[in-house]
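Please look through the structure below with its sequence beside you, and then read the briefing that follows, which is grouped by topic.

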Amino acid sequence: IIVVTDDVCLASKYFPDLKIFHIGIGEDYALLNIAKYVILSNSSFPIFSILTNTNIKITIAPKYWARWNVSDGYWATRQNIYSNMQYLDRNGCMFSYSDCCKESDEWYLKNNSNISRRLHTIY
C-alpha cells in the first residue's frame, strides 16, 4: 500500500507505517495510472489517471464527491458518478454506480421544485 498526495506531512501523521509519495505531478499521475486498487480523495487530480488506467480492479471514492461531508443525497454534478467506481458514505457504507445514479435522480425529482423556487428568488 502506498499513499500518493501533495501533503506528505499530513499523510504521514495519518498513515505512519505506509510509504508516502509526492514525487511530481507526472510521477504521481503515473503511480495512480498503474495502480490496481485505489481509494480516492475528493480531488479532481486522480480522475483522468484512474479513468485511463487499464489495470484497475477496484476504485473507492467518497460518495457525493465534493459534498461528502454535507450532502443529503445531492451530487454537485452527475458527472462525478463513474460506472467503474464504488462510493463510500460517511457511515462507512458502500454504494454502486447504479445505487448512486438512482439516489441522485430521486433527489433531483424530489427537490426540483424547491431548486427552481430558490433560483427564481435569487435571480
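On a 1 Å grid over the protein atoms alone, a pocket is an open set of points where a 1.4 Å probe fits, with protein on both sides within 12 Å along at least five of seven lines, and its lining residues have an atom within 4 Å of a point. The volume is the space filled by probe spheres set on the points, which are joined across faces, edges and corners. This is a predicted model, in which local features need pLDDT of at least 70 and side-chain atom pairs count only at pLDDT 80 or more, while totals for chains, interfaces and linings use all residues. Residues are numbered from 1 along each chain as its sequence is written, and side-chain values use heavy atoms, with hydrogens and water left out.

**The largest pocket**
- The largest pocket holds about 1,200 Å³ of space.
- Among its 34 lining residues, Val 3, Val 4, Ile 39, Leu 40 and Ser 41 are the closest to the centre.

**Rings**
- There is 1 aromatic pair in the structure (ring centres within 6.5 Å, taking the six-membered ring for Trp).
- The rings of Trp 107 and Tyr 108 have centres 5.2 Å apart and planes at 85 degrees, so the pair counts as edge-to-face (planes over 60 degrees apart).

Definitions and conventions. Phe/Tyr/Trp six-rings, centres within 6.5 Å; stacked < 30°, edge-to-face > 60°.
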